[in-house]
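Subject: Structure handover

Hello,

I am passing on the structure we spoke about. Please look through it first, then read the notes below.

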Amino acid sequence: MRGRPPSGAAPTVAALVDRAARALGAAGRPADSSRMDAEVLARHLLGWDRAGWLTHMHERPPAGFTEAFDAAVARRARREPVAYITGIREFYGRPFRVTPDVLIPRPETERVVDEALRAIDERRPHVARVRVVDVGTGSGCIAVTLALERPGIEVVATDVSPAALAVARRNAADLGVADVRFVEEPLVGGAIGAYDLVVSNPPYVAEQSRQELMPDVRDYEPPIALFGGPDGLEVLRSLLPRAERALDPGGWLVVEIGSDQDERVRRLAAEATSLSPIGIEPDLACHPRVLVARRGAPPSPRLRIIGR
């Protein structure tokens with residue numbers, strides 16, 4: 001068993017992480033997340049996985065580590081998200097590159113992928129090749145994940161940000177996905193009847209809620225990917241009629257929404273002449289999170305409708 005170094009020796013990685021966790025706590029971070037953030041930053045700089053951490057944490061770090069680690073911790077103390085410091089965020093079990101040009105993928109969005117995969121599976125027996133558009137792709141986490149989880153589908157990913165599309169293209173290349181087409185355009189462009197699935201995690205935070213956001217989000221993540229107008233639904237109002245035109249009959253719409261928007265979103269979806277709202281699915285915290293609708297199909301018992 002590896003022992004701790006004698007008193008007076010240079011500090012171990014574990015000791016440096018302990019010190020960093022205290023510094024983050026003094027900067028106002030909760031104790032549990034301070035410890036986790038410090039460990040993640042240390043492991044990133046050292047190239048260690050969790051097993052490497054448990055094996056080597058009581059060893060002294062290599063030359064240059066302390067300076068690089070202190071700089072990373074200082075960035076986190078200023079509330080910069082860990083994902084932007086490391087440049088990586090896991091999504092659906094895979095590492096995705098992230099920069100300040102894209103929204104950081106969140107666990108809630110994995111529910112969007114779950115519902116999108118169900119929609120793809122439902123469409124596959126009816127079409128030669130399922131065609132998907134991911135609107136506002138950002139890091140590409142939805143589009144790339146769908147392509148990996150369901151090989152053989154056709155995926156188009158749109159975004160208005162060239163910088164975001166550059167990140168998405170790199171993620172596709174890093175993860176070995178060659179058949180996602182990235183297009184710089186708003187929403188679904190001028191497509192008519194081109195898709196079996198429209199999927200999106202649009203901006204849905206209300207502008208009036210800006211000051212209520214954590215500084216980690218408000219001060220660092222791209223506003224264009226966060227804010228959906230005064231009530232948060234501006235982008236969805238534009239997306240719904242365009243999705244109607246872009247979907248083939250029987251095609252699906254899967255969209256992430258804010259946890260307090262379910263009633264308003266249900267009304268908006270009901271106003272779309274050819275879309276049948278199927279349900280609003282919860283995230284893991286049981287908050288309403290994912291709108292599921294279908295073009296030209298009656299409501300299905302497959303999905304629960306929250307609040308009914």
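This is a predicted model: local features need pLDDT of at least 70, side-chain atom pairs count only at pLDDT 80 or more; totals for chains, interfaces and linings use all residues.

Arg 76

Arg 76 belongs to helix H4, which spans residues 65–77. Its relative accessible area is 5%, and because the cut-off for buried is under 20%, Arg 76 counts as buried. The side chain of Arg 76 forms a polar contact with the side chain of Asp 37, at 2.9 Å. Apart from neighbours within four places in sequence, Arg 76 is in contact with Leu 24, Arg 29, Asp 37, Leu 41, Pro 81, Val 82, Ile 85 and Asp 216.

H11 and H12

Helix H11 (residues 234–246) and helix H12 (residues 262–271) have axes that come within 10 Å and cross at roughly 25°. Angles under 35 degrees count as roughly parallel, so H11 is roughly parallel to H12. Their crossing is right-handed. On the H11 side the contact involves Leu 236, Arg 237 and Leu 240, which meet Val 265, Leu 268 and Ala 269 of H12. Of the residues in this contact, five are nonpolar, none is polar and one is charged.

Positive phi values

Most residues other than glycine have a negative phi. Arg 79, which is not a glycine, has a positive phi of about 80°; Arg 79 sits in the loop between H4 and helix H5 (82–86). Leu 187 also has a positive phi, near 50°. Leu 187 lies in the loop between strand E5 (180–184) and strand E6 (195–200), and with 15% relative accessibility Leu 187 is buried.

Regards

Definitions and conventions. Residues are numbered from 1 along each chain as its sequence is written. Side-chain values use heavy atoms; hydrogens and water are left out. Helices (H or I, at least four residues) and strands (E, at least two) are DSSP runs, numbered from the N terminus. Buried means under 20% relative accessible area, exposed over 50%, partly exposed in between (1.4 Å probe, protein chains only). A polar contact is a pair of N or O atoms within 3.5 Å; within protein, one must be able to donate a hydrogen and the other to accept it, and residues adjacent in sequence count only if both atoms are side-chain atoms. Contact means heavy atoms within 4.5 Å. Axes are lines fitted to C-alpha atoms, for helices over the stretch in contact, and angles run from 0 to 180 degrees between N-to-C directions. Angles under 35 degrees count as roughly parallel, over 145 as roughly antiparallel, 65 to 115 as roughly perpendicular and the rest as oblique. A crossing is left-handed if the near helix is turned anticlockwise from the far one by less than a right angle, and right-handed if clockwise. Ala, Val, Leu, Ile, Met, Phe, Trp, Tyr, Cys and Pro count as nonpolar, Asp, Glu, Lys and Arg as charged, and the others, Gly among them, as polar.
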